[in-house]
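Trainee: I would like to learn how to read a predicted model. Please take me through it feature by feature.

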Amino acid sequence: MTTLRSLSHSVLAVLLLSAAPAMAAVPGAVKGGLEYVIRVPASYDSRAGARVVFVMHGRGDSYTRVMRVAESESNLRDAILVSPRAPKNVEWNQGDREATANLIDLVNARYHVTRTIMFGFSSGGFFAFSMGMSYPEKIQAVIPHSGGLWMQVPETEGVKNQVYCVIHGDADRVVPVGRSRTAVEKLKTAGATRVHYRELPGSGHMANLASMLSSEASREAFQWIETTLGPAAAPLGDSQASEAIASLEEALEGKDWAAAAEAFGRLNAATERRSKAIAGLVKKALRVEDEALSLAAIAAAGHLGSAGTKPLKTVSKQDEVLSSAAALALAKTHDPRALKLLYAFLKGKSEPLALAAAEALGLHGGLPGAAVLIKGLQAAKPDKRPELRAAILAALERISGEPFETERDWIRWLSGASS
(Lines give C-alpha, C1' and ligand atoms only; values in the text may rest on other atoms or scores of the structure.)
Protein backbone atom coordinates (compact mmCIF):
# COMPACT_ATOMS: atom_id res chain seq x y z
CA MET A 1 0.00 0.00 0.00
CA THR A 2 1.30 3.40 -0.97
CA THR A 3 1.56 5.90 1.87
CA LEU A 4 2.54 9.53 1.99
CA ARG A 5 5.69 8.55 3.83
CA SER A 6 6.75 6.42 0.88
CA LEU A 7 6.68 9.39 -1.50
CA SER A 8 10.21 10.35 -2.41
CA HIS A 9 11.88 13.16 -0.50
CA SER A 10 12.48 14.94 -3.78
CA VAL A 11 8.76 15.00 -4.62
CA LEU A 12 7.88 16.38 -1.19
CA ALA A 13 10.65 18.95 -1.46
CA VAL A 14 9.23 20.20 -4.74
CA LEU A 15 5.76 20.39 -3.19
CA LEU A 16 6.94 22.29 -0.14
CA LEU A 17 8.95 24.78 -2.17
CA SER A 18 6.04 25.58 -4.48
CA ALA A 19 4.10 28.45 -2.94
CA ALA A 20 1.82 29.69 -5.74
CA PRO A 21 -1.88 29.62 -4.87
CA ALA A 22 -4.14 27.30 -6.83
CA MET A 23 -5.51 28.84 -10.04
CA ALA A 24 -8.60 26.62 -10.25
CA ALA A 25 -11.84 27.77 -8.65
CA VAL A 26 -12.52 25.92 -5.40
CA PRO A 27 -15.75 25.51 -3.42
CA GLY A 28 -16.67 26.51 0.11
CA ALA A 29 -19.54 27.50 2.39
CA VAL A 30 -20.08 30.05 5.16
CA LYS A 31 -22.28 30.41 8.21
CA GLY A 32 -25.86 30.59 7.03
CA GLY A 33 -25.39 27.78 4.50
CA LEU A 34 -24.29 29.99 1.60
CA GLU A 35 -22.24 27.97 -0.90
CA TYR A 36 -19.73 29.58 -3.22
CA VAL A 37 -16.77 29.02 -5.51
CA ILE A 38 -13.69 31.25 -5.41
CA ARG A 39 -10.85 31.75 -7.88
CA VAL A 40 -7.60 33.29 -6.68
CA PRO A 41 -5.37 34.36 -9.59
CA ALA A 42 -1.94 32.79 -9.88
CA SER A 43 -0.52 36.33 -9.85
CA TYR A 44 -1.94 37.09 -6.38
CA ASP A 45 0.63 38.69 -4.07
CA SER A 46 -0.44 39.01 -0.45
CA ARG A 47 1.57 42.21 0.01
CA ALA A 48 0.18 44.03 -3.01
CA GLY A 49 -3.32 42.58 -2.61
CA ALA A 50 -6.04 42.30 -5.24
CA ARG A 51 -9.55 43.53 -5.93
CA VAL A 52 -12.39 41.11 -5.26
CA VAL A 53 -15.27 40.81 -7.72
CA PHE A 54 -18.45 39.07 -6.56
CA VAL A 55 -20.53 37.77 -9.49
CA MET A 56 -24.18 37.28 -8.49
CA HIS A 57 -26.07 35.06 -10.92
CA GLY A 58 -29.65 35.50 -12.13
CA ARG A 59 -32.69 33.35 -11.47
CA GLY A 60 -32.19 29.71 -12.39
CA ASP A 61 -28.54 30.09 -13.42
CA SER A 62 -25.67 28.01 -12.05
CA TYR A 63 -23.14 29.70 -9.81
CA THR A 64 -20.42 27.31 -11.04
CA ARG A 65 -21.20 28.14 -14.67
CA VAL A 66 -21.09 31.83 -13.85
CA MET A 67 -17.63 31.31 -12.36
CA ARG A 68 -16.41 29.52 -15.49
CA VAL A 69 -17.58 32.47 -17.58
CA ALA A 70 -16.11 35.11 -15.24
CA GLU A 71 -12.69 33.49 -14.93
CA SER A 72 -12.35 33.41 -18.73
CA GLU A 73 -12.69 37.19 -18.94
CA SER A 74 -9.35 38.90 -19.58
CA ASN A 75 -10.39 42.09 -17.78
CA LEU A 76 -10.97 40.05 -14.58
CA ARG A 77 -7.76 38.03 -14.82
CA ASP A 78 -6.10 39.85 -11.92
CA ALA A 79 -9.14 39.76 -9.62
CA ILE A 80 -10.13 37.35 -6.88
CA LEU A 81 -13.47 36.09 -8.20
CA VAL A 82 -16.28 34.87 -5.94
CA SER A 83 -19.50 33.35 -7.24
CA PRO A 84 -22.06 32.55 -4.50
CA ARG A 85 -25.07 30.32 -4.99
CA ALA A 86 -28.58 31.63 -4.46
CA PRO A 87 -30.81 29.12 -2.58
CA LYS A 88 -31.39 26.13 -4.89
CA ASN A 89 -29.80 28.15 -7.73
CA VAL A 90 -33.09 30.05 -8.04
CA GLU A 91 -33.02 33.69 -6.98
CA TRP A 92 -31.70 36.01 -4.33
CA ASN A 93 -33.82 37.28 -1.44
CA GLN A 94 -33.40 39.91 1.24
CA GLY A 95 -32.81 37.14 3.79
CA ASP A 96 -29.59 36.14 1.99
CA ARG A 97 -27.83 39.40 2.85
CA GLU A 98 -26.35 38.38 6.20
CA ALA A 99 -24.80 35.18 4.86
CA THR A 100 -23.36 37.11 1.90
CA ALA A 101 -21.91 39.70 4.29
CA ASN A 102 -20.32 36.80 6.21
CA LEU A 103 -18.74 35.64 2.95
CA ILE A 104 -17.32 39.10 2.29
CA ASP A 105 -15.81 39.10 5.79
CA LEU A 106 -14.33 35.64 5.21
CA VAL A 107 -12.65 36.73 1.96
CA ASN A 108 -11.30 39.88 3.65
CA ALA A 109 -9.88 37.81 6.50
CA ARG A 110 -8.11 35.40 4.16
CA TYR A 111 -6.73 37.79 1.58
CA HIS A 112 -5.36 41.32 1.25
CA VAL A 113 -8.37 42.92 -0.44
CA THR A 114 -7.83 46.31 -2.05
CA ARG A 115 -11.52 46.84 -2.93
CA THR A 116 -14.72 44.84 -3.26
CA ILE A 117 -16.93 45.12 -6.34
CA MET A 118 -20.31 43.39 -6.66
CA PHE A 119 -21.61 42.58 -10.14
CA GLY A 120 -25.15 41.20 -10.40
CA PHE A 121 -27.45 40.24 -13.25
CA SER A 122 -31.28 40.27 -13.10
CA SER A 123 -32.18 38.81 -9.67
CA GLY A 124 -28.47 39.18 -8.87
CA GLY A 125 -28.69 42.82 -9.96
CA PHE A 126 -31.51 43.51 -7.50
CA PHE A 127 -29.47 41.76 -4.82
CA ALA A 128 -26.27 43.66 -5.68
CA PHE A 129 -28.16 46.95 -5.23
CA SER A 130 -29.48 45.75 -1.87
CA MET A 131 -26.08 44.53 -0.64
CA GLY A 132 -24.35 47.76 -1.62
CA MET A 133 -26.86 49.91 0.25
CA SER A 134 -26.91 47.60 3.28
CA TYR A 135 -23.12 47.23 3.59
CA PRO A 136 -21.39 50.29 2.11
CA GLU A 137 -18.48 49.74 4.50
CA LYS A 138 -17.81 46.33 2.91
CA ILE A 139 -18.60 47.04 -0.77
CA GLN A 140 -16.99 49.95 -2.57
CA ALA A 141 -18.65 49.58 -5.98
CA VAL A 142 -21.75 47.91 -7.45
CA ILE A 143 -22.60 46.97 -11.04
CA PRO A 144 -26.31 46.05 -11.24
CA HIS A 145 -27.10 44.72 -14.73
CA SER A 146 -30.80 44.42 -15.71
CA GLY A 147 -31.94 44.79 -12.11
CA GLY A 148 -33.66 47.30 -9.86
CA LEU A 149 -34.31 48.31 -6.26
CA TRP A 150 -35.96 46.27 -3.51
CA MET A 151 -35.52 48.97 -0.88
CA GLN A 152 -35.46 52.68 -0.26
CA VAL A 153 -32.06 54.31 -0.74
CA PRO A 154 -30.67 55.23 2.69
CA GLU A 155 -29.30 58.79 2.83
CA THR A 156 -26.03 57.80 4.49
CA GLU A 157 -22.47 58.94 3.86
CA GLY A 158 -21.53 55.36 3.00
CA VAL A 159 -24.04 55.19 0.13
CA LYS A 160 -23.18 58.71 -1.02
CA ASN A 161 -19.53 57.69 -1.39
CA GLN A 162 -20.17 54.41 -3.21
CA VAL A 163 -19.74 53.93 -6.93
CA TYR A 164 -22.72 52.58 -8.91
CA CYS A 165 -22.50 51.55 -12.58
CA VAL A 166 -26.03 50.68 -13.67
CA ILE A 167 -26.62 48.86 -16.98
CA HIS A 168 -29.95 47.97 -18.61
CA GLY A 169 -31.32 47.21 -22.07
CA ASP A 170 -34.21 49.43 -23.18
CA ALA A 171 -36.00 46.47 -24.83
CA ASP A 172 -35.95 44.27 -21.69
CA ARG A 173 -39.35 42.56 -21.31
CA VAL A 174 -38.40 40.51 -18.23
CA VAL A 175 -37.21 43.36 -16.00
CA PRO A 176 -38.45 46.64 -17.54
CA VAL A 177 -35.79 49.29 -18.08
CA GLY A 178 -37.82 51.63 -15.88
CA ARG A 179 -36.57 49.70 -12.85
CA SER A 180 -33.02 50.90 -13.44
CA ARG A 181 -34.06 54.40 -14.48
CA THR A 182 -35.99 54.78 -11.22
CA ALA A 183 -33.09 53.34 -9.21
CA VAL A 184 -30.67 55.86 -10.69
CA GLU A 185 -33.00 58.76 -9.90
CA LYS A 186 -33.44 57.54 -6.31
CA LEU A 187 -29.68 57.24 -5.87
CA LYS A 188 -29.15 60.81 -7.03
CA THR A 189 -32.00 62.11 -4.86
CA ALA A 190 -30.36 60.43 -1.84
CA GLY A 191 -27.14 62.35 -2.54
CA ALA A 192 -25.10 59.72 -4.40
CA THR A 193 -22.81 61.54 -6.82
CA ARG A 194 -20.76 58.71 -8.30
CA VAL A 195 -23.46 57.08 -10.41
CA HIS A 196 -22.92 56.01 -14.02
CA TYR A 197 -25.87 54.80 -16.10
CA ARG A 198 -25.56 52.96 -19.40
CA GLU A 199 -28.74 52.15 -21.33
CA LEU A 200 -28.36 49.68 -24.18
CA PRO A 201 -30.51 50.54 -27.22
CA GLY A 202 -32.45 47.57 -28.61
CA SER A 203 -31.11 45.11 -26.00
CA GLY A 204 -33.43 42.73 -24.19
CA HIS A 205 -32.92 40.63 -21.07
CA MET A 206 -29.56 39.04 -21.89
CA ALA A 207 -29.38 35.31 -21.31
CA ASN A 208 -25.77 34.92 -22.45
CA LEU A 209 -23.66 35.87 -19.46
CA ALA A 210 -20.43 35.49 -21.45
CA SER A 211 -21.56 38.14 -23.91
CA MET A 212 -22.76 40.32 -21.06
CA LEU A 213 -19.51 40.25 -19.08
CA SER A 214 -17.38 40.81 -22.15
CA SER A 215 -19.65 43.53 -23.53
CA GLU A 216 -18.41 47.06 -24.05
CA ALA A 217 -20.82 48.28 -21.34
CA SER A 218 -19.47 45.89 -18.69
CA ARG A 219 -15.84 46.56 -19.52
CA GLU A 220 -16.61 50.28 -19.42
CA ALA A 221 -18.23 49.84 -15.99
CA PHE A 222 -15.18 48.12 -14.48
CA GLN A 223 -12.88 50.74 -15.98
CA TRP A 224 -15.06 53.58 -14.72
CA ILE A 225 -14.90 52.12 -11.21
CA GLU A 226 -11.10 52.01 -11.26
CA THR A 227 -10.92 55.57 -12.61
CA THR A 228 -13.44 56.89 -10.07
CA LEU A 229 -12.04 55.15 -7.00
CA GLY A 230 -8.45 55.78 -8.03
CA PRO A 231 -5.48 53.49 -7.49
CA ALA A 232 -5.87 50.86 -4.81
CA ALA A 233 -3.49 50.89 -1.87
CA ALA A 234 -0.07 50.46 -3.44
CA PRO A 235 3.17 49.41 -1.76
CA LEU A 236 4.55 52.33 0.21
CA GLY A 237 7.49 54.20 -1.18
CA ASP A 238 10.68 54.38 0.90
CA SER A 239 9.88 57.80 2.35
CA GLN A 240 6.30 56.80 3.21
CA ALA A 241 7.49 53.54 4.75
CA SER A 242 10.11 55.39 6.79
CA GLU A 243 7.49 57.82 8.05
CA ALA A 244 5.09 55.01 9.01
CA ILE A 245 7.84 53.06 10.74
CA ALA A 246 8.89 56.18 12.67
CA SER A 247 5.26 56.67 13.78
CA LEU A 248 5.11 53.07 14.92
CA GLU A 249 8.37 53.31 16.83
CA GLU A 250 7.17 56.49 18.54
CA ALA A 251 3.85 54.87 19.51
CA LEU A 252 5.59 51.79 20.91
CA GLU A 253 8.06 53.93 22.83
CA GLY A 254 5.24 56.04 24.26
CA LYS A 255 3.19 52.93 25.07
CA ASP A 256 0.32 54.21 22.96
CA TRP A 257 -0.90 50.76 21.96
CA ALA A 258 -3.95 51.98 19.99
CA ALA A 259 -1.76 54.25 17.82
CA ALA A 260 0.74 51.43 17.35
CA ALA A 261 -2.00 49.06 16.21
CA GLU A 262 -3.20 51.66 13.72
CA ALA A 263 0.36 52.14 12.43
CA PHE A 264 0.73 48.41 11.82
CA GLY A 265 -2.38 48.61 9.64
CA ARG A 266 -0.73 51.27 7.47
CA LEU A 267 2.40 49.15 7.14
CA ASN A 268 0.49 46.27 5.55
CA ALA A 269 1.37 47.91 2.23
CA ALA A 270 5.06 48.45 3.02
CA THR A 271 7.77 47.73 0.49
CA GLU A 272 9.66 44.44 0.60
CA ARG A 273 12.87 46.36 1.36
CA ARG A 274 11.48 47.37 4.77
CA SER A 275 10.16 43.93 5.72
CA LYS A 276 12.99 43.11 8.12
CA ALA A 277 12.63 46.40 9.96
CA ILE A 278 8.88 45.91 10.33
CA ALA A 279 9.39 42.30 11.43
CA GLY A 280 11.58 43.58 14.28
CA LEU A 281 8.80 45.91 15.41
CA VAL A 282 6.30 43.05 15.19
CA LYS A 283 8.47 41.03 17.52
CA LYS A 284 8.71 43.99 19.94
CA ALA A 285 4.93 44.51 19.90
CA LEU A 286 4.30 40.84 20.63
CA ARG A 287 6.08 41.27 23.96
CA VAL A 288 3.40 43.74 25.02
CA GLU A 289 0.35 42.31 26.81
CA ASP A 290 -2.26 44.07 24.68
CA GLU A 291 -4.41 41.79 22.54
CA ALA A 292 -5.50 44.41 19.99
CA LEU A 293 -1.89 45.46 19.39
CA SER A 294 -0.74 41.83 19.14
CA LEU A 295 -3.46 41.00 16.61
CA ALA A 296 -2.52 44.05 14.50
CA ALA A 297 1.16 43.07 14.62
CA ILE A 298 0.36 39.49 13.66
CA ALA A 299 -1.76 40.64 10.72
CA ALA A 300 1.08 42.90 9.55
CA ALA A 301 3.55 40.01 9.77
CA GLY A 302 1.42 38.04 7.34
CA HIS A 303 2.21 40.63 4.64
CA LEU A 304 5.99 40.48 5.14
CA GLY A 305 6.70 37.29 3.20
CA SER A 306 9.54 35.18 4.62
CA ALA A 307 10.54 38.00 7.01
CA GLY A 308 7.23 37.60 8.81
CA THR A 309 7.76 33.95 9.70
CA LYS A 310 10.35 34.51 12.43
CA PRO A 311 8.29 36.81 14.67
CA LEU A 312 5.19 34.69 14.13
CA LYS A 313 7.11 31.73 15.57
CA THR A 314 7.35 33.61 18.88
CA VAL A 315 3.58 33.79 19.41
CA SER A 316 2.67 31.74 22.48
CA LYS A 317 0.75 28.56 21.67
CA GLN A 318 -0.88 28.91 25.09
CA ASP A 319 -2.87 31.93 23.88
CA GLU A 320 -5.33 30.34 21.49
CA VAL A 321 -6.65 33.65 20.14
CA LEU A 322 -3.21 34.94 19.16
CA SER A 323 -1.83 31.59 18.00
CA SER A 324 -4.87 30.98 15.81
CA ALA A 325 -4.36 34.41 14.23
CA ALA A 326 -0.68 33.57 13.78
CA ALA A 327 -1.62 30.39 11.91
CA LEU A 328 -3.64 32.36 9.37
CA ALA A 329 -0.86 34.97 9.07
CA LEU A 330 1.71 32.23 8.44
CA ALA A 331 -0.33 31.01 5.48
CA LYS A 332 -0.38 34.53 4.02
CA THR A 333 3.44 34.74 4.06
CA HIS A 334 3.64 31.89 1.52
CA ASP A 335 7.01 31.07 3.06
CA PRO A 336 7.82 27.34 2.65
CA ARG A 337 9.11 27.32 6.25
CA ALA A 338 5.63 28.28 7.43
CA LEU A 339 4.32 24.89 6.33
CA LYS A 340 6.44 23.12 8.94
CA LEU A 341 5.07 25.38 11.66
CA LEU A 342 1.50 24.84 10.49
CA TYR A 343 2.01 21.09 10.52
CA ALA A 344 3.26 21.35 14.11
CA PHE A 345 0.07 23.26 14.98
CA LEU A 346 -2.02 20.70 13.12
CA LYS A 347 -0.74 17.74 15.14
CA GLY A 348 -0.52 19.62 18.46
CA LYS A 349 -2.81 19.08 21.41
CA SER A 350 -4.67 22.39 21.15
CA GLU A 351 -7.83 21.74 19.19
CA PRO A 352 -8.59 25.43 18.37
CA LEU A 353 -5.04 25.92 17.11
CA ALA A 354 -5.17 22.71 15.06
CA LEU A 355 -8.46 23.82 13.49
CA ALA A 356 -6.95 27.23 12.68
CA ALA A 357 -3.95 25.49 11.09
CA ALA A 358 -6.26 23.40 8.90
CA GLU A 359 -8.05 26.56 7.77
CA ALA A 360 -4.70 28.28 7.16
CA LEU A 361 -3.38 25.41 5.05
CA GLY A 362 -6.53 25.52 2.96
CA LEU A 363 -5.79 29.22 2.48
CA HIS A 364 -2.16 28.51 1.56
CA GLY A 365 -3.51 26.27 -1.18
CA GLY A 366 -1.75 24.38 -3.91
CA LEU A 367 -0.01 21.03 -3.60
CA PRO A 368 2.26 22.20 -0.74
CA GLY A 369 -0.71 22.93 1.50
CA ALA A 370 -2.45 19.73 0.42
CA ALA A 371 0.63 17.62 1.21
CA VAL A 372 0.76 18.91 4.79
CA LEU A 373 -2.99 18.49 5.26
CA ILE A 374 -2.79 14.86 4.15
CA LYS A 375 -0.02 14.23 6.69
CA GLY A 376 -2.25 15.82 9.31
CA LEU A 377 -5.17 13.65 8.22
CA GLN A 378 -3.10 10.54 8.79
CA ALA A 379 -2.22 11.71 12.30
CA ALA A 380 -5.79 12.69 13.29
CA LYS A 381 -7.53 9.47 14.30
CA PRO A 382 -11.28 9.38 13.60
CA ASP A 383 -12.16 8.21 17.11
CA LYS A 384 -10.08 10.88 18.83
CA ARG A 385 -10.20 14.02 16.65
CA PRO A 386 -13.30 13.89 14.43
CA GLU A 387 -13.72 17.68 14.31
CA LEU A 388 -10.14 18.19 13.16
CA ARG A 389 -10.52 15.51 10.47
CA ALA A 390 -13.63 17.27 9.20
CA ALA A 391 -11.74 20.59 9.04
CA ILE A 392 -8.82 18.97 7.19
CA LEU A 393 -11.16 17.33 4.68
CA ALA A 394 -12.93 20.66 4.11
CA ALA A 395 -9.58 22.38 3.49
CA LEU A 396 -8.48 19.65 1.07
CA GLU A 397 -11.75 19.93 -0.82
CA ARG A 398 -11.30 23.70 -1.00
CA ILE A 399 -7.88 23.21 -2.59
CA SER A 400 -8.72 20.38 -4.96
CA GLY A 401 -12.46 20.44 -5.52
CA GLU A 402 -12.47 16.71 -4.72
CA PRO A 403 -14.75 15.16 -2.04
CA PHE A 404 -12.50 12.26 -0.95
CA GLU A 405 -12.74 11.11 2.67
CA THR A 406 -9.99 8.52 3.10
CA GLU A 407 -6.25 8.94 3.40
CA ARG A 408 -5.74 6.38 0.63
CA ASP A 409 -7.79 8.40 -1.87
CA TRP A 410 -6.05 11.63 -0.96
CA ILE A 411 -2.60 10.05 -1.25
CA ARG A 412 -3.52 8.71 -4.68
CA TRP A 413 -4.78 12.15 -5.71
CA LEU A 414 -1.60 13.86 -4.47
CA SER A 415 0.63 11.38 -6.30
CA GLY A 416 -1.27 11.98 -9.53
CA ALA A 417 -1.36 15.75 -9.14
CA SER A 418 2.39 16.00 -8.47
CA SER A 419 3.47 13.70 -11.29
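**Reading burial, helices, cores and pockets**

Mentor: The cut-offs are under 20% relative accessible area for buried, over 50% for exposed, and partly exposed in between, with a 1.4 Å probe and protein chains only. This is a predicted model, in which local features need pLDDT of at least 70 and side-chain atom pairs pLDDT 80 or more, while totals for chains, interfaces and linings use all residues. Residues are numbered from 1 along each chain as its sequence is written, and side-chain values use heavy atoms, without hydrogens and water.

Trainee: In which helix is Thr189 found, and what does its side chain reach?

Mentor: Thr189 belongs to helix α6 (residues 178-189). Helices (H or I, at least four residues) and strands (E, at least two) are DSSP runs, numbered from the N terminus. The Thr189 side chain comes to 2.9 Å from the backbone oxygen of Glu185. Glu155 lies 34 residues from Thr189 along the chain, yet their C-alpha atoms are separated by 8.8 Å.

Trainee: Is His168 buried or exposed?

Mentor: His168 has 0% relative accessibility, so this residue counts as buried. His168 sits in strand β7 (residues 163-169), and its side chain reaches the backbone oxygen of Val175 at 2.7 Å. Contact means heavy atoms within 4.5 Å. Setting aside neighbours within four places in sequence, His168 has contacts that include Ser146, Tyr197, Arg198 and Glu199.

Trainee: Why do residues three or four places apart in a helix point the same way?

Mentor: An α-helix has 3.6 residues a turn, so residues at that spacing point the same way. In helix α10 (residues 257-266), the buried residues are Ala260, Ala261, Ala263 and Phe264. They are on the same side of α10 because they cover an arc of only 160° around the axis. The arc is that of the directions from the helix axis to the C-beta atoms. Ala258 and Glu262, on the other side of α10, are exposed. The buried residues of α10 pack against α9 (238-253), α11 (275-285) and α12 (291-301).

Trainee: Which residues are buried in helix α2?

Mentor: In α2 (residues 63-71) they are Tyr63, Val66, Met67, Val69 and Ala70. These line one face of α2, because they fall within an arc of 165° seen down its axis.

Trainee: Which residues touch the most other members of the largest nonpolar core?

Mentor: A nonpolar core is a set of buried Ala, Val, Leu, Ile, Met, Phe, Trp, Tyr and Cys residues joined through side-chain atoms within 4.5 Å. The largest has 106 residues, and Phe54, Val107, Tyr111, Leu187 and Phe264 touch the most other members. Helix α16 (residues 351-364) gives the largest share of this core, eight residues. A second, separate core has 26 residues, including Ala70 and Phe222.

Trainee: How is empty space found, and which helix supplies the largest share of the lining of the largest pocket?

Mentor: Rolling a probe the size of a water molecule over the atoms shows where empty space is left. Helix α14 supplies the largest share of the lining of the largest pocket, four residues.

Definitions and conventions. Polar contact = N/O pair within 3.5 Å; in protein donor to acceptor, adjacent residues only side chain to side chain.
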